[in-house]
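Colleague: Thanks for making time for this one. Could we go through the labels together, each with the rule behind it?

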Amino acid sequence: MIRPLRDEVERYGHYSLAAESMYDHPFQWGSKRTGPDLARVGAKYSDEWHVTHLTNPRAIVPRSVMPGYSRLAHTELDLTDMAAQLRTNRAVGVPYTEDQIKNAVTDLKTQLDPDSADRASFQKRIRRRLCAISTEALAIRPNSMRSSPTCRCSER
Ligand code: HEM
C-alpha cells in the first residue's frame, strides 16, 4: 500500500495504483521504498535530464542518495530473446498479443528512437492496447482504477 503523502502527490503526481503493476514480473512491491514513486515521471523531464540524472544524480540534486548508473551508457542492450521474454510473461498471465510478440524487437527499437518513422503508429497501437487492458481490469475490479491517467478510450 503506497501511503499517499500530500507533498509527494503534489511533487510526483498521482501515487501508483495496484492495478498499474498487476502485470509486473517479478513483483516489486515491498514495505520499504527509497526515492520517489516514478509512476508519473514520464514526459516530466527531457531525455537529456534523465541521462544526466541517471549517470550522476548529484549533478542535478546535490543531496540525492540515489546511486549513479553510468555503466548503463556502456552496456550493450541484448535484444536476442525479447520475443521469448514476452511469450514467457504471457504464459504467466501478462496479456501480450501475438502481434506484440512478433514485433517485440521492432517495437523496442521504436521506443528507443525518438525520431523513429514508426513512432506515431506504435503509440496509437500501444494506447489502444492500454485502453483494452484498462477496460479488462475495470471489468475485473471496478474500483481499482477510478482515477487512472492511462485510460484514454475516447482517443481510440
Ligand atoms: C535504474 C534505477 C533507477 C531509476 C531509473 C531512477 C529514476 C529516478 C528519477 C527519474 C528520479 C526523479 C524523480 C522526480 O523528480 O520526479 C529519481 C529520484 C530519486 N531516486 Fe531514483 N532511480 C533509480 C534507482 C534508485 C535507487 C536504487 C535509489 C535508492 C537507493 C533511488 C533513490 C532516489 C532518490 C532519493 C530520489 C530523489 C532525489 C533525486 O531526485 O535524485 N533511485 N530516481
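Modeller: Gladly; helices (H or I, at least four residues) and strands (E, at least two) are DSSP runs, numbered from the N terminus. L54 lies in helix α2. This is a predicted model, where local features need pLDDT of at least 70, side-chain atom pairs count only at pLDDT 80 or more, and totals for chains, interfaces and linings use all residues. Residues are numbered from 1 along each chain as its sequence is written, and side-chain values use heavy atoms, with hydrogens and water left out.

Colleague: What elements does the protein chain have, by that rule?

Modeller: The protein chain has six helices and zero strands; from the N terminus on, the order is α-α-α-α-α-α.

Colleague: Why is L54 called partly exposed?

Modeller: Buried means under 20% relative accessible area, exposed over 50%, and partly exposed in between, with a 1.4 Å probe and protein chains only. L54 has 36% relative accessibility, so L54 counts as partly exposed. Of the 156 residues of the protein chain, 22% count as buried.

Colleague: And what makes A73 exposed?

Modeller: The value for A73 is 66%, so A73 counts as exposed. A73 is found in the loop between α2 and α3 (82–91).

Colleague: Now the ligand. Which residues are the closest to the ligand?

Modeller: A residue is near a molecule if one of its heavy atoms lies within 4 Å of it. By that rule 19 residues surround the ligand, the closest being K44, Y45, H53, S64 and M66. M66 is also twelve residues from L54 in sequence, with the two C-alpha atoms 8.7 Å apart.

Colleague: Which helix gives the most to the shell around the ligand?

Modeller: That is α2, with four residues. Both α1 (6–12) and α2 (47–55) supply at least two residues of the shell.

Colleague: How many aromatic pairs are there, and why is the pair of Y45 and W49 called stacked?

Modeller: Rings of Phe, Tyr and Trp (its six-membered ring) pair if their centres lie within 6.5 Å; planes under 30 degrees apart count as stacked, over 60 as edge-to-face and the rest as tilted. The count comes to one aromatic pair. The ring centres of Y45 and W49 are 3.6 Å apart and the planes are at 10 degrees, so the pair is stacked. Y45 is partly exposed at 27%, and W49 is partly exposed at 21%.

Colleague: Last one: where is E20, and what does its side chain contact?

Modeller: E20 sits in the loop between α1 and α2. Its side chain makes a polar contact with the side chain of R40, at 2.8 Å. With 27% relative accessibility, E20 counts as partly exposed.

Methods. A polar contact is a pair of N or O atoms within 3.5 Å; within protein, one must be able to donate a hydrogen and the other to accept it, and residues adjacent in sequence count only if both atoms are side-chain atoms.
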